Amino acid sequence: MSVQQQEVDLRRTFAIISHPDAGKTTITEKVLLFGQALQKAGTVKGKKSGQHAKSDWMEMEKDRGISITTSVMQFPYNDCLVNLLDTPGHEDFSEDTYRTLTAVDSCLMVIDTAKGVEDRTIKLMEVTRLRDTPIITFMNKMDRDVRDPIEVMDEVEDILKIKCAPITWPIGMGKEFKGVYNLLTDETILHQSGQGHTIQEKRIIKGLDNPELDEAIGHYAEDLRDELELVLGASHEFDLDEFLKGELTPVFFGTALGNFGVDHMLDGLTQWAPKPLPRETDTRTVKAEEEKFSGFVFKIQANMDPKHRDRIAFMRICSGKYEKGMKMKQVRIGKDVKIADAVTFMAGDRSNVEQAYAGDIIGLHNHGSIQIGDTFTAGEMMKFSGIPNFAPEMFRRIRLRDPLKTKQLQKGLIQLSEEGAVQVFRPLNSNDMIVGAVGVLQFEVVVHRLKTEYNVDALYEPISVATARWVSCEDSKTFDQFQKKAHDNLALDGGDNLTYIAPTMVNLSLAQERHPDVEFHKTREH
Ligand code: GDP
């Protein structure tokens, strides 16, 4: 087997999707504890309680008061190298979250079992469906008085339209959470409370009918035997193929805070989740095992480290191997660039990578020449597809306090839109600048960054825009006519793409009726 193949086989690249407060941050901490990454981070930063033990990166976000960054962490587990791309939980979300999901091969869905399926989870699951990403489910907070697990599982099946295959099943809940029974291995793993900060020694009882089980958990043993019949009737058996197609999710129960069950989930992830998958380009499918290097940029982040005042472009390697100092072709501009100092964030340390393989994420220093969606190759002219821009759902007009700074404002907004921090639209019939966002936090971030990075003092005004759609048409004549008729509703986005700005949803449907040959797109690919 080639070295490339071996390295690819080792890798699992995933992200966590969940509604805020379901426990994503807590799970990330425990996952890192298992990856033994935190211990390292802990010695660097001085021992803190697990509650505060986060990567330096997250710490930095906290200092900045905004945590919209998607962090990347690599750690070893079960002979695998796991890459976790996390979107730290904030009330708001940005398109970065979505685009991060294009850079992973599987997702962990975390559900607060007391609450069931919540809004954000529904939205994020829709996004994973675009690529049929395999989903592993963790039902969290079993140490609380949660809802009936069968009911929550049914809810997942009904609302998210994915079959559930419980791998473990919980015994009791809240203060009486006794542990889980593993349906595949026929083992009961007993829960001990108050062990959340450590890796617990597993207490395992083999066999469902083992009298030891009755000794250990009393009447819960008999209840479990009864309930399991019901569970088997109400759920599906695990099927690897269906999981890989995104049709079925293995379900684990536990408590992230109590650090119980997270390792079961990690075992499932390393065993079943796909190694780096093939990716589509405009010319062909690229396999991870290929020797030649390729990758795409899914995120750009500025000012992550106050000491390095540059931007970092996050690249998912799709094939081949990155080596320090190698040359890559940046396809969009057709130039070869030498990448001497890509970075990674192992356990929160910003360190130089010597080499990285398909499935890994590396950070490239960017002085403005890299855009989201950019493809880098060993020379081949191709472009990875499927990295979307989403039609924003909120709009504001942006105004300067000092009108002399129009140029800086434009420059700042266009650069921020290239990064994907926000979208900007310039109506054809005025000098307005309209900022569009998917979440409200983006507006604040933009004004803050305009001030600190571009020295521009800007403020927002309300504007009656309901939605925007990118427009295109196969027939150029028809498109010309449309552009004349709809002139007052048209704008250019940050990349000079034509957009229809609709004051109301009714206006949009009328425009669509009137111009049946024009396509109105909800997403635009970079
Ligand atoms: P995020 O917003 O999804 O990142 O959620 P956090 O990990 O920050 O968790 C939100 C809150 O739920 C915090 O107060 C956690 O301590 C708490 N929490 C997380 N997991 C558990 C759990 O398993 N049991 C209990 N009781 N609380 C939990």
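Analyst: Happy to. A nonpolar core here is a set of buried Ala, Val, Leu, Ile, Met, Phe, Trp, Tyr and Cys residues joined through C-beta atoms within 7 Å. Please keep in mind that this is a predicted model. In soluble globular proteins, nonpolar side chains tend to be buried together.

The largest nonpolar core has 95 residues, and the members that touch the most others are Cys107, Leu108, Val297, Met315 and Ile362. The element that gives the most to this core is strand β15, residues 311–319, with six residues.

Another core lies apart from the largest one; it has 27 residues, among them Leu416, Val435, Val471 and Ile501.

Let me turn next to a sheet. Eight strands make up an open, antiparallel sheet, in the order β28-β25-β27-β26-β30-β31-β29-β32. The edges are held by β28 (458–462) and β32 (519–521); each has a single partner strand, so one side of each has no neighbour in the sheet. On average, and ignoring direction, neighbouring strands are turned by 40 degrees against each other. Arg399 has Leu459 in β28 as its bridge partner. Helix α13 (residues 441–454) packs on this sheet, where it touches β25, β27 (434–437) and β28, and its direction makes about 130 degrees with that of β27.

There is also a helix pair to look at. The axes of α2 (residues 24–34) and α11 (residues 262–272) come within 10 Å and cross at roughly 70 degrees. These two helices are therefore roughly perpendicular to each other. On the α2 side, the contact is made by Ile27, Lys30, Val31 and Phe34, and on the α11 side by Val262, Asp263 and Leu266. Sorted by class, this contact has five nonpolar, no polar and two charged residues.

Finally, a loop position for contrast in topic: Asp239 sits in the loop between α9 (219–234) and α10 (240–244). Asp239 counts as partly exposed because it has 14 C-beta neighbours inside 10 Å.

Definitions and conventions
Residues are numbered from 1 along each chain as its sequence is written. This is a predicted model: local features need pLDDT of at least 70, side-chain atom pairs count only at pLDDT 80 or more; totals for chains, interfaces and linings use all residues. Axes are lines fitted to C-alpha atoms, for helices over the stretch in contact, and angles run from 0 to 180 degrees between N-to-C directions. Helices (H or I, at least four residues) and strands (E, at least two) are DSSP runs, numbered from the N terminus. Angles under 35 degrees count as roughly parallel, over 145 as roughly antiparallel, 65 to 115 as roughly perpendicular and the rest as oblique. Two residues are in contact if their C-beta atoms, placed from the backbone, lie within 7 Å. Ala, Val, Leu, Ile, Met, Phe, Trp, Tyr, Cys and Pro count as nonpolar, Asp, Glu, Lys and Arg as charged, and the others, Gly among them, as polar. A residue is buried if 20 or more other C-beta atoms lie within 10 Å of its own, exposed if 12 or fewer, and partly exposed in between; C-beta atoms are placed from the backbone. Two strands pair if DSSP finds at least two bridges between them.
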